[in-house]
Amino acid sequence: MGGRADGKRVLITGAARGMGRSHAVRLAEEGADLILVDLCESLPGLEYPLSGPDDLEETARLVRARGRRAVTRVADVRDAAAMAEAVNGGAAELGGLDASVANAGVITVGSWDATTPEQWRLVTDVNLIGTWNTCAAALPHLVDRGGSLVNISSVAGIKGNPLTAPYTASKHGVVGLTMSLANELAARGVRANTVHPTGVSTGMKPHSLHGILNGDRSDLGPIYDNAMPVQVIDAREVSNAVLFLISDEAAHVTGLEFKVDAGVTIR
C-alpha cells in the first residue's frame, strides 16, 4: 500500500537538523522524495550554532534508509538566485516538484531597547524574505499542475511574544505572505498554509530568553506557558501537520493557520 505522500517530490529548507530533518524523515516514511536545502554554516549574530554539511548528509541518509530519494543542496534562503538554482536542479533530478516546506528560521532575543538593526535584518531576511524566496523558487514547478506550499510560522505568528520583536514580526509576516498567496494561487491549483508550533525540542535554543524570563521580566513568563502540561513538543508532532497539508487528504485545505501549540495561543 502507498503512503500518504506516495510519489510526491517535496522541497524542505532548513533540512539539516531539527524540524527540517523531522519533516524529511516523516515524509519519506510516507513515500515522498526530498530536495533537502540548508545553509550548513553558522551565522554571526545568533547565540546558538547552526548545522553543518555532515548534518545535511545525515538527513539524506535517513531519507534513503527509508527507501526514498534525497537530493541535497547547500544554499542560503536569503539568496533568491541560489534558491532558484537549488530548486530547479533538485526538481530536474527528481523529475518534478509537488510541494514546498519553507522551514528555515532563526531567532534573536532582546528587549525593545537592546534589539539592534542588525538583528532585524538578519531575522527578517531569513524568516520572511527566505520564505518568500523559497515559495518563489518552488512555484514555477507547481502553478497550473497543482501543489502545496507549507510555510512554517510559529505561535509567535499568532501571539505578541515579547522580547523577540524581529522574530515575532517576521512570523506574522509569514502568515500575511501565505494568505496572500493562498488567494492568488487558488485558481491555479496551488494551496498555501501555515503551521504554528509552540516550543519544539530542536537546536534553536535562545538560552538568553529563559534568563530574562526567570529574571527581570518574570512577569512575561506566563505568555509562553502552554495550556497543556508540557514545556516543549517533539518535532515529529509538527511534521505530522506538515504531512497532512502535503497529502491528498488536504486537497481542499488552503489559507489554514494550523496550530500545533499545546494550547499556548488560547491563554
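**View 1. Leu97, Leu149 and Leu181 touch the most other members of the largest nonpolar core.** This core holds 36 residues. A nonpolar core is a set of buried Ala, Val, Leu, Ile, Met, Phe, Trp, Tyr and Cys residues joined through side-chain atoms within 4.5 Å. Buried means under 20% relative accessible area, exposed over 50%, and partly exposed in between (1.4 Å probe, protein chains only). The model is predicted: local features need pLDDT of at least 70, side-chain atom pairs count only at pLDDT 80 or more, and totals for chains, interfaces and linings use all residues. Residues are numbered from 1 along each chain as its sequence is written, and side-chain values use heavy atoms, leaving out hydrogens and water.

**View 2. Lysine 171 is buried yet has no salt bridge.** A salt bridge is a side-chain nitrogen of Lys or Arg within 4 Å of a carboxyl oxygen of Asp or Glu. For lysine 171, the nearest side chain of opposite charge is glutamate 257, 13 Å away. (Lys and Arg count as positive, Asp and Glu as negative; His and the chain ends are not counted.) A polar atom of the lysine 171 side chain lies 3.0 Å from the backbone oxygen of isoleucine 152.

**View 3. Phenylalanine 244 and phenylalanine 258 form an edge-to-face aromatic pair.** Their centres are 6.2 Å apart, with 75° between the planes. Rings of Phe, Tyr and Trp (its six-membered ring) pair if their centres lie within 6.5 Å; planes under 30 degrees apart count as stacked, over 60 as edge-to-face and the rest as tilted. Phenylalanine 244 is partly exposed, at 23% relative accessibility. Phenylalanine 258 is also partly exposed, at 23%.

How values were computed:
Polar contact = N/O pair within 3.5 Å; in protein donor to acceptor, adjacent residues only side chain to side chain.
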